[in-house]
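Here is a short briefing on one protein model. Please keep the sequence and the structure open while you read.

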Amino acid sequence: MKAMSSLVEPNEDEALAVDARQEIDLKVGVAFTRFQTNYFHGKYGNLDSRVISYGPCQTPTLGFCVQRYLQITTFKPEKFWAVHPYIIHNGYELKLEWERNKLFDSNVAEMFQKLIMEDGVVEVTGISEKQESKTRPSGLNTVNLLKVASSALGIGPQLAMQLAERLYTQGFISYPRTESTAYPSSFEFRGILGALVSSPSWGSYAQSLLADGYLKPRSGTDAGDHPPITPIRSASEDMLGNDAWRLYQYVCQHFLGTVSPDCKFVRTTIEFSVGGEFLHIVGQHVTIKGYTCIMPWLAVKENNLPQFTKGEKVKISKVDLYEGETVPPDYLSESELISLMEKNGIGTDASIAVHINNICERNYVQVQAGRKLVPTALGISLIRGYQCIDPDLCLPDIRSFIEQQITLVAKGQADHCLVVQHVIQQFKRKFSYFVKQAPPTLPTYALGLDHFTPYPLGQCTATWFWTEILNSLLEEKPKRLILSIFNAIFSALLLSRKAQPRVCNSYEVCKDNCNFEFIIYNRRRMLVSRTDLSTGSEGIEVRVSDCFGEDLLGNADFVLKLYKELTCPLDNFELLIFSFPGPEGKTFPFCPYCYNSPPFEGIGSLFGASKAGGSVQLGKGAGMPCFLCPHPTCQHSLIAQGVCACPECNGTLVLDPVSAPKWRLFCNMCNCLVFLPEGAHRITTTEERCVECDSTIIEVDFNKKTTPLKDGTTLYSGCILCDELLHSLVEMKYGKSFSKRIGGRGRMRGKGRGGRGRGGRKPEDPKMSFRGF
């Protein structure tokens, strides 16, 4: 009511600053993204991507990850040695810390070890005790919530924000997008504590704070936006679900910690000397646990020491000489990256999670164990290309430059139109320079070759290619380089149609009569030879004709490339992805080795292997792409990606994992296509099954702006056949036929996901009317 009674006119300058930021980011991002995507598309094999984007915030964010990667790869380990004496006193075995810490000369370290051993007795030279405290946290803002969610809860920033928004719309926490850590003077702490008393998890702790008196939180930062994130009412895990409950639990514990006493402890340091060398040991004893009672992961680790007196002498039990090696820093974690972004002013509390999610979805980085961000070849190549052409494009300074100009607009010290015009003009110059320098420069870094020169136009690409391959092999270049060069030239060859390949009995031959062949050699990756290596004992052929039809390569456009550097769990081959262009063209991954030599018994009889004398002849030509693979744990197999039975045949509808944002299912037997809710951020299969039809439950992360959910939430799980909401959002169409051989093979009969479809009948309307099947 107070706010409503004191309304003021909106700040026009701040509104114009927001408009300026949006206009600059849009124009700069679109220009660079369009050029990069068109330039790279189809040219660089495993570096290819649907969208190779650029953004003034996104690209410096990627730059932090690549910079850490370069620190790791260029790090040179160095051996070191440390002396660790041990003593036994009053029943305690204590390891003493050497003041010199470590040495990088083994002979010198051994000398000190002998010196201490020869003396054999340490003397107590000093005892000091100091009262210390570990201060309680200040209010919780968005950035700190995202950091804790990633590092402690294992929840990525994007999902953490979605969960926080859901908790907010359901009335369990306050508004989750805030930069402030200071509570307003009028904040009602007692009311929040009273709401938490009913919680079985921390109700007794909240009650004790009300009874004994809670403390005023530490002073924090007031950004003038919203109060810190706090709980609003009590909840249980059954009400929220696992991940949402864990996030809510932390919000409650953090709030209780902010109004709790500080943690206090006594730090005791004992100093020793022996043979002219100085040693010490540190002990800690907690006197008041304070807020660590409710936030135990922040507790001080106790290390109790026996009593010593100054001048006391203790015999040394042993002296170890530890040999170690310096190690490089680890890959950036999401939490560390968020800290760097906050420090350098990249993004806001509302956009940091989006920028991190973008570089993951664009395949610039991959999230690995411990929420570590490991850049891919594409991400590394882009940053190296920027560094070569114009380092400003990937440095955080570029965002600082923009924000400085926009801050002037927000303060009314600069004209909105002039600032936008000035910044756009600066980037226009950078863009022109970037475009001029890109053709000779980006391929070099994309392929990892410092001396790489594009082949001259007009020359036969296969002849030139063999020369480059031979040189790289003689120079013992990494095998990734071989595949990168192959993909760069072969993809360009197919797209240009200057040398249409035709299908031979076992390999591809260039129509320019250069014997342009490609095979899988020695179980590495794709390699090219001008000699017939297909007869070698180690050669494994990729018979593209078997995969996609005898005349497909000559008569249809397609893309064949590496699939995000993912590998098959059975043979460690890197997966390839095959796709037709167009909105109804199908896309699917496959392992070349599994396709030629299916590893599961019976696959040949199910999917049309040749038979002789009634026995199945497994081997080349049997054919097993990922959407037919029954591997129980592989994320690409029929078991993982299959959703339900096909209404047109006895096949299974499989989720197309790279169809975003126009998500869809396709049948692994016929040309049926099912379009899922368009524009969703993410659609994945789950391990749950529908109790009514045994189909796989899918999880949909709707776009916040277009979500059909009434409460404004974005996450939704259900069966596309039985759930009324999902069923109303799907549509079935026929797709472009992509395989003549697969269509005539044996029926899977709904194995894996979804059971057997009744098939044989077409739906009566364009919507997917599955309930009759």
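Seven of the 10 residues of helix 12 (residues 352-361) are buried, so the rest of the structure largely encloses this helix. Buried means under 20% relative accessible area, exposed means over 50%, and partly exposed lies in between (1.4 Å probe, protein chains only). This is a predicted model: local features need pLDDT of at least 70, side-chain atom pairs count only at pLDDT 80 or more, and totals for chains, interfaces and linings use all residues. Residues are numbered from 1 along each chain as its sequence is written, and side-chain values use heavy atoms, with hydrogens and water left out.

**Helix 12**
- The buried residues of helix 12 are I352, A353, H355, I356, N357, N358 and I359.
- Their cover includes helix 3 (58-73), helix 5 (142-151), helix 6 (157-169), helix 11 (334-343) and strand 8 (365-368).
- Contact means heavy atoms within 4.5 Å.
- N363 follows helix 12 and has a positive phi, near 65 degrees.
- Helices (H or I, at least four residues) and strands (E, at least two) are DSSP runs, numbered from the N terminus.

- Seven strands form an open sheet in the order 2-1-7-4-5-6-3, with antiparallel pairing.
- Strand 2 (92-95) and strand 3 (97-98) are the edges; each has a single partner strand, so one side of each lacks a neighbour in the sheet.
- Two strands pair if DSSP finds at least two bridges between them.
- Nine bridges join strand 1 (residues 79-89) to strand 7 (residues 313-325) in the antiparallel sense.
- P85 has V319 of strand 7 as its bridge partner.
- Helix 4 (residues 106-119) packs on the sheet and touches strand 1, strand 3, strand 4 (121-134), strand 5 (263-274), strand 6 (277-288) and strand 7.
- The direction of helix 4 makes about 165 degrees with that of strand 7. Axes are lines fitted to C-alpha atoms, for helices over the stretch in contact, and angles run from 0 to 180 degrees between N-to-C directions.

**F580**
- F580 sits in the loop between strand 16 (574-579) and strand 17 (587-590).
- Is F580 buried or exposed? Its relative accessibility is 6%, so F580 counts as buried.
- F580 and V559 are 21 residues apart in sequence, yet 6.5 Å apart in space, C-alpha to C-alpha.
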